[in-house]
Amino acid sequence: LQSKITVISNWVGRAYLENDNSKNKINFIDYQYDLIYVGRLVEQKNLDEFINISQIIMGSNPAFNAVIVGDGPQKERLIKKTKELGLCKSLTFAGFSFEPKKYYERSRIFLLTSFYEGQPHAMMEAMWMGIPVVTFNFPGVEEMVINGKTGFVVSDKNEASKVIQSLLKDELLRLRIANSAKIESRNRFSYKNIHRITSFLE
């Protein structure tokens with residue numbers, strides 16, 4: 001029965017295919033953010049841990065900068081927590097953007113701290129743009145991230161902090177993971193690949 005089941009993935013949207021300069025992303029050094037999250041600001045996304053991880057990293061790296069791109073019902077509470085922790089200069093709330101691509105282009109690492117997910121588009125987009133992914137372990141994550149090759153799957157904020165700091169300190173490692181993520185995403189999450197699979201099923 002298993003051999004008769006075909007899993008059809010989500011795919012990266014057209015905005016990432018048009019004027020695609022991400023082939024040069026690996027050599028892009030004018031980064032503004034060390035860490036990025038893109039998506040809804042809702043309880044499911046567990047963004048308290050994104051803030052906690054940012055705080056841990058900033059403790060040993062005062063120049064650390066992170067950005068949260070998106071909007072949602074948790075926004076004001078998260079901003080309040082950021083202020084209480086004294087992270088306002090290091091953590092930016094960029095709000096909703098119709099062009100998250102411009103934030104990806106200026107970011108080193110993508111962090112996803114969700115309790116659960118389906119197939120998160122933001123993670124696919126980050127990989128497509130050549131950004132290493134660090135993600136909490138949720139059911140199905142292994143279908144998207146090859147741990148240690150295209151990104152890192154972590155169990156908690158302490159492990160996430162260590163992995164992110166390692167990537168920030170070791171540029172060759174970060175670039176290797178970034179390149180593998182980009183190749184993997186273009187092999188699996190492109191519209192052409194999904195169209196090929198669905199055409200075969202017709």
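Met123 is in contact (heavy atoms within 4.5 Å) with Phe110, Leu112, Val133, Thr135, Phe138, Met144 and Val145, leaving aside its neighbours within four places in sequence. This is a predicted model, where local features need pLDDT of at least 70, side-chain atom pairs count only at pLDDT 80 or more, and totals for chains, interfaces and linings use all residues. Residues are numbered from 1 along each chain as its sequence is written, and side-chain values use heavy atoms, with hydrogens and water left out.

**Overall layout**
- The protein chain has seven helices and six strands. These are DSSP runs numbered from the N terminus: helices are H or I with at least four residues, strands E with at least two.
- Along the sequence the pattern reads β-α-β-α-β-α-β-α-β-β-α-α-α.
- Of the 202 residues in the protein chain, 50% are buried. Buried means under 20% relative accessible area with a 1.4 Å probe, protein chains only.

**Core**
- The largest nonpolar core holds 52 residues. Such a core is a set of buried Ala, Val, Leu, Ile, Met, Phe, Trp, Tyr and Cys residues joined through side-chain atoms within 4.5 Å.
- Phe50, Tyr104, Phe110, Met123 and Val134 touch the most other members.
- Helix H4 gives this core its largest share, six residues.

**Strand E4 and its partners**
- Five of the six residues of strand E4 (residues 107–112) are buried, so E4 is largely enclosed by the rest of the structure.
- Strand E1 (residues 33–38) runs parallel to E4, joined by three bridges. Strands pair if DSSP finds at least two bridges between them.
- Ile36 stands opposite Phe110 in E4.
- Strand E5 (residues 133–136) also pairs with E4 in the parallel sense, over three bridges.
- Leu112 has Thr135 in E5 as its bridge partner.
- From E4 the chain crosses through helix H4 (residues 121–128) to E5, a right-handed β-α-β crossover. Right-handed means that, with the strands pointing away from the viewer, the path from the first strand over the helix to the second runs clockwise.

**Helix H6**
- The 18 residues of H6 (residues 171–188) should span 26 Å at 1.5 Å a residue, and its end C-alpha atoms are 26 Å apart, which agrees. The expected span is 1.5 Å times one less than the number of residues.
- Its buried residues include Leu173, Ile177, Ala181 and Ser185.
- E4, H4, strand E6 (151–154) and helix H5 (157–169) are among what covers the buried residues of H6.
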